[in-house]
Amino acid sequence: MLSLFTWQEPERLVVGSTFDLDLLMDMTQYEGCSKDDAHIKLFWEMMRTRFTEREYTLFLSFVWGRSRMPVSKETWGDQKFRISNFGGRGRDTPDACMPVSHTCFNHLELPKYSTLDIMTERMLYAIVNCAVIDGDSNDRMETVRADIDSDDE
């Protein structure tokens, strides 16, 4: 049976593909926003034109807690990638906000950034520096929480 496959094909079926933007777009569900909204169009433009393979992997880790995507719609499962409008504090000044992810739900809360450059800068910062799901980031997160708490005083 294995002779029917190239060496890459069983690997892709078992561990998934690295990144397929068209598949991600097809498997995206919008909540409180539409694929035609300006900030959603900026998001997909950023993903298509500004991200490297490494940044795609970091993005998947940020929003889903995994480094690879399923290989097809059939292997995706029930949980689609979800994008919703940012609902946190500061939503009235979206360019100052960071995107929020909910890795258990493959969900991204995306602020309504005004430009592609601002969106790219905020998203890159988030995917590179916000690895909360990783166990080795606990010390760093305690520092972040302490900084936030001191700002609230």
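1. Asp22 counts as partly exposed, because its relative accessibility is 46% (buried is under 20% relative accessible area, exposed over 50%, partly exposed in between, with a 1.4 Å probe and protein chains only). Asp22 sits in helix α2, residues 21–26. Helices (H or I, at least four residues) and strands (E, at least two) are DSSP runs, numbered from the N terminus. Asp22 and Arg48 are 26 residues apart in sequence, and their C-alpha atoms are 9.5 Å apart.

2. A note on the basis. This is a predicted model, in which local features need pLDDT of at least 70 and side-chain atom pairs count only at pLDDT 80 or more, while totals for chains, interfaces and linings use all residues. Residues are numbered from 1 along each chain as its sequence is written, and side-chain values use heavy atoms, with hydrogens and water left out.

3. The sheet is open and has 4 strands, in the order β1-β2-β4-β3, with mixed pairing. Strands pair if DSSP finds at least two bridges between them. β1 (28–31) and β3 (100–102) are the edge strands; each has a single partner, so one side of each lacks a neighbour in the sheet. Direction ignored, neighbouring strands are turned by 20° against each other on average. β2 and β4 run parallel and are joined by 4 bridges.

4. His107 belongs to strand β4, residues 107–110. His107 counts as buried because its relative accessibility is 8%. Its bridge partner is Arg82. The side chains of His107 and Arg82 also make a polar contact, at 3.1 Å. Beyond four places in sequence, the contacts of His107 (heavy atoms within 4.5 Å) include Glu31, Val63 and His102.

5. Helix α3 lies across β1, β2 and β4, and runs at about 135° to β2. Axes here are lines fitted to C-alpha atoms, for helices over the stretch in contact, and angles run from 0 to 180 degrees between N-to-C directions.

6. The largest nonpolar core has 31 residues; Phe43, Met47, Phe59, Phe81 and Met123 touch the most other members. Elements giving two or more residues to this core are α2, α3 (38–49), α4 (53–64), β2 (81–85), β4 and α6 (116–129). A core is a set of buried Ala, Val, Leu, Ile, Met, Phe, Trp, Tyr and Cys residues joined through side-chain atoms within 4.5 Å. Phe81 is buried, because its relative accessibility is 0%. Its contacts beyond four places in sequence include Leu24, Met27, Trp76 and Leu108.

7. The whole structure holds 8 aromatic pairs. Rings of Phe, Tyr and Trp (its six-membered ring) pair if their centres lie within 6.5 Å; planes under 30 degrees apart are stacked, over 60 edge-to-face, the rest tilted. Phe43 and Phe59 form a tilted pair, because their planes stand at 50°, with ring centres 5.8 Å apart. Phe43 is in α3 and Phe59 in α4, so this pair ties together parts 16 residues apart in sequence. Phe59 and Phe81 are edge-to-face, because their planes stand at 80°; the centres are 6.0 Å apart. With Phe59 in α4 and Phe81 in β2, the pair ties together parts 22 residues apart in sequence. Ring pairs link Phe19, Phe43, Trp44, Phe51, Tyr56, Phe59 and Phe81 into a cluster.

Notes: A polar contact is a pair of N or O atoms within 3.5 Å; within protein, one must be able to donate a hydrogen and the other to accept it, and residues adjacent in sequence count only if both atoms are side-chain atoms.
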